[in-house]
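Visitor: I am new to this structure and would like to be taken through it step by step. Please show it first.

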Amino acid sequence: MTNENHNPANPQADEKAWDDAVSARLGQLRSAPVDLSNLRARIDSQIRQEHPKVRAKNPILRMIWAHHLQAIAALFIFVVLAGVIINALSNPSIASAQEMFQVHDDLVAGRIPVSRVTSIEDATKSLVDSIVAFTCVARCAQGACHGLLHEVDQRQANGMCVAGPRWRPCDDDRRQG
Amino acid sequence: MVLRKSQVSLDSMEDGLPDDRLPEKTESRDPQQILEGFSDPQILEALSQLPDEMRWVLLFVDVEALDHATAAAVLGVAEGTIKSRAHRGRAMLRRLLLPLAQDRRLITDAEKP
């Protein structure tokens, strides 16, 4: 492979020839094999130098420790959720008569905000929209509303629901569970 | 792009080139023939001695064959700057390589540009 511009007698042509030749020779590096065997180690060492917090003596130990942390976090969440569910299922299913009476009094006295609906279904939907909880809680609330309706029906209060901790899972749900 | 660390220093050229890469000693040799006498690691070693701005331009323009506009966009400089740096970088590379080629008698003083 020769360069036609090469002409030692003409400095400008020679300069161009050398420029082209160097460019062509550098272009041959494109197909040169690249050794990446030490690349990972060099990147890791560079990261450790710039971010001392991630420094660890053994990357395998670091990986195992990270996996253990994930397992511990998952176990903790599972235990908390199981505790909440067991606690909810072990409580009385609906409000007691005394609680219902208290709620009724509060409603009549205007101490509790009341939303008026025309049916049990609407009341349930309203409650579900507001509390966004488990299905069993919605059914439990429906049962509680049932009791309220029965009690205040004669006073033209067609439906009302109250969201709060007083509503607990129903007997039906506990049986199904 | 990652370039391998050069395994052969320029000084090691004193130890001789592989026989099949030695260009024939003629009175007037083509620049490409002379450059073919250098191995890839030797070219990379010379390239690594260039200033950063010129080395990156040569890597983009000559090695990676990017056009001047793309290289200018990547490096955040004007296209004319790319052309200028490429030209000066090649000249520097040539000045780095030629004395070694001369020491090895790959070229004569008369051939030296």
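Visitor: What share of the 177 residues of chain A counts as buried?
Guide: The model is a predicted one. A residue counts as buried if 20 or more other C-beta atoms lie within 10 Å of its own. Of the 177 residues in chain A, the share that counts as buried is 15%.

Visitor: What percentage of the contacts in chain A with a separation of 6 or more is between residues 24 or more positions apart?
Guide: Two residues are in contact if their C-beta atoms lie within 7 Å. Taking the contacts in chain A with a separation of 6 or more, residues 24 or more positions apart account for 65%.

Visitor: What distance does helix H4 of chain A reach from its first C-alpha to its last?
Guide: H4(A) covers residues 97-109, which is 13 residues. At 1.5 Å a residue, 18 Å is expected. Just after H4(A), Gly110(A) has a positive phi of about 80 degrees. From first C-alpha to last, H4(A) comes close to the expected value, with a reach of 18 Å.

Visitor: Which residues is Arg30(A) in contact with, leaving aside its neighbours within four places in sequence?
Guide: The place of Arg30(A) is in a loop of chain A. Its contacts, with neighbours within four places in sequence left aside, are in chain B: Val63(B), Glu64(B) and Ala65(B).

Visitor: What pattern does chain B follow along the sequence?
Guide: Chain B has 113 residues, and 30% of them count as buried. Chain B contains five helices and zero strands. Along the sequence, the pattern is α-α-α-α-α.

Visitor: Are H3(B) and H4(B) oblique or parallel to each other?
Guide: Helix H3 (residues 52-63) and helix H4 (residues 68-75) of chain B have axes that come within 9 Å and cross at roughly 140 degrees. The crossing is right-handed. Angles over 145 degrees count as roughly antiparallel and 65 to 115 as roughly perpendicular. H3(B) and H4(B) are therefore oblique.

Visitor: How many nonpolar residues does the contact of H3(B) with H4(B) have?
Guide: On the H3(B) side are Trp56(B), Val57(B), Phe60(B) and Val61(B), which meet His68(B), Ala71(B), Val74(B) and Leu75(B) in H4(B). By class, this contact has one polar residue and no charged ones, and the number of nonpolar residues is seven.

Visitor: How is H3(B) placed against H5(B), roughly parallel or roughly perpendicular?
Guide: The axes of H3(B) and H5(B) are 8 Å apart, and the helices pack at an angle of about 100 degrees. Angles of 65 to 115 degrees count as roughly perpendicular. That makes H3(B), relative to H5(B), roughly perpendicular.

Visitor: Which residues of H5(B) make the contact with H3(B)?
Guide: H3(B) contributes Glu53(B), Met54(B), Val57(B), Leu58(B) and Val61(B). By class, the contact has seven nonpolar, one polar and three charged residues. The residues of H5(B) are Ile82(B), Arg85(B), Ala86(B), Arg88(B), Gly89(B) and Met92(B).

Visitor: Is Gly89(B) buried or exposed?
Guide: Gly89(B) lies in helix H5 of chain B. Leaving aside neighbours within four places in sequence, Gly89(B) is in contact with Leu50(B), Met54(B), Val57(B) and Leu58(B). With 25 C-beta neighbours inside 10 Å, Gly89(B) counts as buried.

Visitor: Which residues is Arg90(B) in contact with, leaving aside its neighbours within four places in sequence?
Guide: Arg90(B) is in helix H5 of chain B. Arg90(B) is buried, with 25 other C-beta atoms within 10 Å. Its contacts, neighbours within four places in sequence left aside, are Asp19(A), Val22(A) and Ser23(A).

Notes:
Residues are numbered from 1 along each chain as its sequence is written. Chains are lettered from A and ligands numbered from 1 in the order in which they are written. This is a predicted model: local features need pLDDT of at least 70, side-chain atom pairs count only at pLDDT 80 or more; totals for chains, interfaces and linings use all residues. Helices (H or I, at least four residues) and strands (E, at least two) are DSSP runs, numbered from the N terminus. A residue is buried if 20 or more other C-beta atoms lie within 10 Å of its own, exposed if 12 or fewer, and partly exposed in between; C-beta atoms are placed from the backbone. Axes are lines fitted to C-alpha atoms, for helices over the stretch in contact, and angles run from 0 to 180 degrees between N-to-C directions. Angles under 35 degrees count as roughly parallel, over 145 as roughly antiparallel, 65 to 115 as roughly perpendicular and the rest as oblique. A crossing is left-handed if the near helix is turned anticlockwise from the far one by less than a right angle, and right-handed if clockwise. Ala, Val, Leu, Ile, Met, Phe, Trp, Tyr, Cys and Pro count as nonpolar, Asp, Glu, Lys and Arg as charged, and the others, Gly among them, as polar. The expected span of a helix is 1.5 Å times one less than its number of residues.
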